[in-house]
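This report describes selected side-chain features of a single protein model.

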Amino acid sequence: MRKKMLLGAVSGLVMVALTSPALSSSHREAPAITESPKVDNTDLYAFRSYEPGREAYVTLIANFQPGENPGDGPNYYTMDPDAIYEIHVDNTGDGVEDLTYQFKFTNTLKGDTGKTITVGGKTLPIPLRQIGPIAAPNDANLGEDESYTVTQITNNRRTGVRGTVTNAAGGSFLKPFDNAGNKTIANYPGYASQFVYNAAIPGCASQGRVFAGQRAEYFAVNLGPIFDLVNFVPIEGDNDPVYGNGSPFPGGITQSQDNQELIGKKNVTSVAIEVPIACLTGTGNGVIGVWSTASLPQAKLNKPNANYKSPALYGGAYTQVSRLGMPLVNEVVIGVPQKDQFNASKPTQDGALADYVTNPTFPALLDALFRGAVNATLGTSFTNLAPTNFPRNDLVATFLTGIASLNQLKTVTASEMLRLNTGVTPTPRGSQHPLGVVGNDLAGFPNGRRPGDDTVDIVLRVAMGRLCHPVPIAGKMTDLGLCKPADAPTGLVAFTDGAPSSASNILNAFPYLNPPLRGAPRPQTQP
């Protein structure tokens, strides 16, 4: 059975890759969302928890606010109190949410002023959110608190049955202050751990966990050069034991942390919830579809007399402005005229954009950029570097319907979402392969997505036709019958962006992503 599932998984991976053919995240992906970074959904993860002892749970993480710079004070990166942030789960396959976990944030100034100082007989609010070191939730030195509620909604996200996810220890859910630096927060990991809450989830016999707060970005990508018309040779230049294939390409890029444009440089804000598997799968077949959204009130009126409590007037129904399921679909697959449309749409409306799936443009772009250079370097005469089997009906199967024997839901409805088979045993952190299923690790992408999965390299390789050639399955080279080697002349090339990923570099416990980079990294000499 495992061999059969792996076969289905690998065959599906090429379809996934060609629908999201270059990266694995969502940063500034559509014109309209660039105006509202607080509600820009950057990454979505859905995976069986691999923290020891938590294998009976699924972790769902949605990241927002791309490119948070450490030290961006004095206000740092609060969430938008006018927005709602949601993670949706389809457990039947109709393309409609059966469960939604809705996060709603509130910002409160202590005493309606924040911290104050008396100067020359006048007591005035200070310009900073903090007035001294911070060590605990509700710390007296913090002048602004950020709290949030979590609501579980069964069936329709707006009209369904609502139940409150509660703090098992009592009290509110609080979001930690961002990592301003070690003078403000001496031990940030210890401080932030106090904001991981055991949570009572409606209808669940076992408690889950909840966290919302700043985390270090762990999206491995050579981002700027990729969007500079792929300004490097995207082929492994040496025989790296993880990323190489034994045939280094002259002048090709090699794996290096110097190629990281986000890891070690940027932060994000995560909303995360860990839920018992039995509470997510319902009456389905154990596969769940997951996507995340952010929504704002339909109307906004800026106030000429704006203040902290009311900078603007909002009205109307919540309107979806950001959406993310499978990684980087909107950046690299959807054409510019439809990018905002995709962000506003529901999974059941995805058929309108099917042409971008059946005839993906990014492999053709790589062909246009590199065919001449490849032929000149190798002395070859390729007439096309990209796969030529059109239309990509296999792509439709994975992108819109799920993969049979891997992550296809009980009912098959064309809809784009991240699909996870909760019946696949999680791989311990130390044994995870960054190439997921391609690396013979069935618990990785595209069977859900873990933080350490190098989805950039996975989708690059299969986008260019790796699975048109025999692939190793359980140690045996196997022809998957999806397409022919002649359809993918560069299908055996080790495509890569040179930015490596490894689960061993991030936490082995919820919420998995590392504590954020601090705003004042240099030691300071105290007067």
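In this predicted model, the largest nonpolar core comprises 69 residues, of which Tyr85, Phe103, Tyr148, Val210, Val271 and Ile273 touch the most other members. The greatest contribution to this core comes from strand S2 (residues 57-68), which supplies five residues. Another core, of 20 residues, lies apart from it and includes Phe249, Ile253, Val456 and Phe495.

The surroundings of Ile273 can be set out in detail. Leaving aside residues up to four places away in sequence, Ile273 touches Val58, Thr59, Leu60, Tyr101, Phe103, Val150, Ile201, Arg209, Val210 and Phe510.

Cys204 belongs to the loop between strand S10 (197-200) and strand S11 (208-216), whereas Cys279 is part of helix H4 (residues 277-281), so the bond ties together parts that are 75 residues apart in sequence. Both Cys204 and Cys279 are buried.

His88 is located in strand S3 (residues 84-90). Its relative accessibility is 0%, which is why His88 counts as buried. The side chain of His88 makes a polar contact with that of Thr100. Residues up to four places away in sequence again being excluded, His88 touches Glu97, Leu99, Thr100, Arg157, Gly289, Val290, Trp291, Ser292 and Thr293.

| Pair | Type | Distance |
|---|---|---|
| His88 and Thr100 | polar contact, between side chains | 2.9 Å |

Note on methods. Residues numbered from 1 in each chain as written. Predicted model: local features only at pLDDT ≥ 70, side-chain atom pairs only at ≥ 80, totals over all residues. Heavy atoms only, no water. Helix = DSSP H or I, 4+ residues; strand = E, 2+ residues; numbered from the N terminus. Buried < 20%, exposed > 50% of the residue type's maximum accessible area, 1.4 Å probe, protein only. Core = buried A, V, L, I, M, F, W, Y, C linked by side-chain atoms within 4.5 Å. Contact = heavy atoms within 4.5 Å. Polar contact = N/O pair within 3.5 Å; in protein donor to acceptor, adjacent residues only side chain to side chain.
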